[in-house]
Amino acid sequence: MIDAKIQGAVTPLVSVCVPNLYTGDEKEYCTFNYSELPQDFGDNLPNAVRYLVQVHWFLPLKVRPHPKKRELRRALLSVEGFTAPDIVDASDGEGQHYVYEFEAWDGEI
């Protein structure tokens, strides 16, 4: 469920968005990963899941990231249960790399 929500928000802006590792040839793409934390305990059992999510946007060095950088933030924020992402610039000499970090909630365990 969380994978589909992330991909649904990202793919209108970046056509390739896959979990964990992308091994294709596209120059611009996103990957994502997350940790799952049980929440909202009752009778010693979790009733919800909190996700700590990272969406990684990769693109070539000479491509201008604005305004898509902000559009990706707005797209992720528009998903029900997603918090506002922090953006970390993890770019290096190989290319641009922006990490969107946020929390997501799911009431189903």
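A residue is called buried under 20% relative accessible area, exposed over 50%, and partly exposed in between, with a 1.4 Å probe and protein chains only. At 60% relative accessibility, Asn20 therefore counts as exposed. The structure is a predicted model, in which local features need pLDDT of at least 70 and side-chain atom pairs count only at pLDDT 80 or more, while totals for chains, interfaces and linings use all residues. Residues are numbered from 1 along each chain as its sequence is written, and side-chain values use heavy atoms, with hydrogens and water left out.

The protein has two helices and five strands; these are DSSP runs numbered from the N terminus, with helices being H or I of at least four residues and strands E of at least two. In order from the N terminus, the elements run α-β-β-β-α-β-β. Along the principal axes, the C-alpha atoms fill a box of roughly 55 × 25 × 20 Å. Of the 109 residues, 36% are buried.

The five strands form an open sheet with the order S1-S2-S3-S5-S4 and mixed pairing, where two strands pair if DSSP finds at least two bridges between them. Strand S1 (17-19) and strand S4 (86-89) each have a single partner strand, so they stand at the edges and one side of each is left without a neighbour in the sheet. From one strand to the next, the twist averages 25 degrees. S1 pairs with strand S2 (residues 29-42) in the parallel sense over three bridges, and Cys17 has Cys30 in S2 as its bridge partner.

Both helices pack on this sheet. Helix H1 (residues 2-10) touches S1, S2, strand S3 (45-59) and strand S5 (96-106), and its direction makes about 140 degrees with that of S2. Helix H2 (residues 68-77) touches S3, S4 and S5, with a direction at about 10 degrees to that of S5. For these angles, axes are lines fitted to C-alpha atoms, for helices over the stretch in contact, and values run from 0 to 180 degrees between N-to-C directions. Contact means heavy atoms within 4.5 Å.

The largest nonpolar core has 23 residues, and those with the most contacts inside it are Ile6, Val10, Val55, Trp57, Leu76 and Phe82. Such a core is a set of buried Ala, Val, Leu, Ile, Met, Phe, Trp, Tyr and Cys residues joined through side-chain atoms within 4.5 Å. H1, S2, S3, H2 and S5 are the elements that give two or more residues to this core, and S3 gives the most, with six. Ile6, leaving aside its neighbours within four places in sequence, is in contact with Cys17, Phe32, Tyr34, Val53, Val55 and Phe82.

His97 lies in strand S5. Its relative accessibility is 15%, so His97 counts as buried. Apart from neighbours within four places in sequence, His97 contacts His56, Trp57, Phe58, Val88, Asp89, Ala90 and Ser91.

Two loops carry backbone features. In the loop between S3 and H2 lies Pro67, and the peptide bond from His66 to Pro67 is cis, with omega near 5 degrees. Asn20, in the loop between S1 and S2, has a positive phi of about 70 degrees although it is not a glycine.
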